[in-house]
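Subject: Structure handover and what was found in it

Dear colleague,

I am passing on the structure below, together with an account of what was found in it. Please read the notes with the structure open beside them.

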Amino acid sequence: MVERLHRGWAWAKRACNSSGHERNTVLLVGKCVLAATLSWWIAHDVLHATSPAFAPFSAVLTMNVTVSQSVWQTLRYVAAVVVGVAVQAAIGFTAGPDLFAFVLVAVIALGLGRWQVLGEQRSQVPTAAFFAFSTYSAASTNSDRVTQLSQIVLLVLIGCGIGMVVNLCIVPPLRYRSAEQGLHALAGEMESLLDDMADGLCSGDVDAERADRWVASGKRVQAAVGQAHAGLEMAESSVPFNPRRFLPAHRSHLTFTRYRQSLNALERAVYQLASLTRSLGRWRESEDTYTYGPALTAYADFAGSLRDIAHVIAELDSDTLPDQAEQMCKLAAIAQEALKKVLVAADESKLPLADASRPYGVLIVEATRLMEEFQNTCDVLKDTTNDRAGCV
């Protein structure tokens with residue numbers, strides 16, 4: 001119990017002292033509580049609604065991590081509720097509130113609930129229809145039924161409206177740092193893999209276990225690509241409709257072209273890296289000598305030079321990007337020289353590059369392609385920080 005309290009206190013302390021996941025979570029929960037409370041007060045105490053829970057439920061349901069997501073989800077949610085209530089109204093006033101009418105409502109509402117236009121909110125069509133049927137059945141006159149069904153739509157609009165206002169006016173989330181964080185995670189995984197590869201090739205310690213570890217690490221790097229794309233999409237979607245984008249402190253952070261181009265280049269590098277790890281795994285299976293040790297040592301130096309570039313990318317900061325881009329350009333020049341040494345060592349060691357049954361040709365090709373993509377990443381970041389040409 002004491003340990004749990006300690007962890008909870010540490011979590012709360014991080015939320016207060018740093019901008020990150022913890023603080024974002026606390027902020028979102030607080031905004032949901034405020035929106036739900038206001039919605040309940042208006043629905044229950046002001047309007048004296050029969051089913052006031054519709055308002056706070058709607059307020060919380062449409063509270064998303066970005067304003068643009070809230071807008072689109074609100075529109076779809078309102079549309080889904082209106083469709084569900086309309087289905088109930090059409091069947092109810094035609095067939096009456098009996099079991100047969102409920103079957104018709106269920107069939108039609110569940111069918112419309114698969115309408116892709118409504119996106120994630122399409123499941124709300126049958127939900128709204130069933131709640132509307134319950135409310136319709138409880139009313140005694142057609143006038144009361146019309147009032148109750150209209151009230152459902154009104155409460156939903158009130159809840160959605162309050163949720164939108166709260167999300168828009170109280171620290172609307174501007175997640176431009178998500179683009180950086182996605183690159184950080186991806187580059188960190190690449191750095192770890194390249195470091196292990198450099199160490200293994202340099203020391204000649206490439207046993208089956210280590211080769212398998214490289215392949216597994218390659219898969220983790222590929223998974224990190226999807227996370228990086230999700231972070232970039234989060235950053236881009238947080239800008240539309242967000243009033244904070246007009247503040248001077250945020251204006252320089254609202255374009256994500258350099259991050260998208262860098263991510264695309266790194267994604268291509270990831271696939272080359274995955275192919276490289278598989279080739280090294282095959283090399284370990286097919287080779288039982290270290291005849292080509294000098295070439296592999298040069299390859300280790302090359303992997304180490306790419307690791308250094310990945311390390312800088314893993315610490316990218318938009319506030320210090322010009323200096324970091326300059327540093328990456330210098331490291332890219334070092335990596336180019338390391339690649340030349342690999343090619344020279346391959347020629348001097350007479351690596352069987354043309355032998356398709358052996359992995360050396362693939363290793364050289366993948367090294368060249370990896371260098372191209374890392375160079376592209378450096379050039380993109382350099383070009384987007386000033387008007388000069390990218391580093392060569």
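Predicted model: local features only at pLDDT ≥ 70, side-chain atom pairs only at ≥ 80, totals over all residues.

The interior comes next. In soluble globular proteins, nonpolar side chains tend to be buried together. The largest nonpolar core here has 57 residues, and the members that touch the most others in it are Leu186, Met190, Leu306, Ile309 and Phe374. Two or more residues of this core come from each of the helices α8 (177–203), α9 (208–237), α11 (257–286), α12 (293–313), α13 (321–348) and α14 (360–383), and α12 gives the most, with 12 residues. To take one member as an example, Leu186 touches Val221, Ala224, Val225, Ala228, Leu263, Leu266 and Val270, when residues up to four places away in sequence are not counted.

Turning to charged side chains, the count of salt bridges comes to 6. In one of them, Glu189 pairs with Arg220, and their closest N and O atoms are 4.0 Å apart. Glu189 lies in helix α8 and Arg220 in helix α9, so this pair ties together parts that are 31 residues apart in sequence. Both partners count as partly exposed, Glu189 because its relative accessibility is 29%, and Arg220 because its relative accessibility is 45%.

A further salt bridge joins the side chains of Asp195 and Arg307, with 3.0 Å from N to O. Since Asp195 belongs to helix α8 and Arg307 to helix α12, this pair ties together parts that are 112 residues apart in sequence. Asp195 is partly exposed, with a relative accessible area of 37%, and Arg307 is partly exposed as well, with 23%.

Glu337 and Lys340 also form a salt bridge, in which the closest N and O atoms are 3.5 Å apart. These two residues are 3 places apart in helix α13, and therefore about one helical turn separates Glu337 from Lys340. Glu337 is partly exposed, at 42% relative accessibility. Through salt bridges that share partners, Asp195, Arg307 and Asp308 are joined into one network.

How far apart are the end C-alpha atoms of helix α4, and what span should its 29 residues have? At 1.5 Å a residue, helix α4 (residues 67–95) should span 42 Å, and its end C-alpha atoms are 42 Å apart, so the two values agree. Helix α4 is followed by Gly96, whose phi is positive, near 90 degrees.

With best regards

Methods. Residues numbered from 1 in each chain as written. Heavy atoms only, no water. Helix = DSSP H or I, 4+ residues; strand = E, 2+ residues; numbered from the N terminus. Expected span 1.5 Å × (residues − 1). Core = buried A, V, L, I, M, F, W, Y, C linked by side-chain atoms within 4.5 Å. Buried < 20%, exposed > 50% of the residue type's maximum accessible area, 1.4 Å probe, protein only. Contact = heavy atoms within 4.5 Å.
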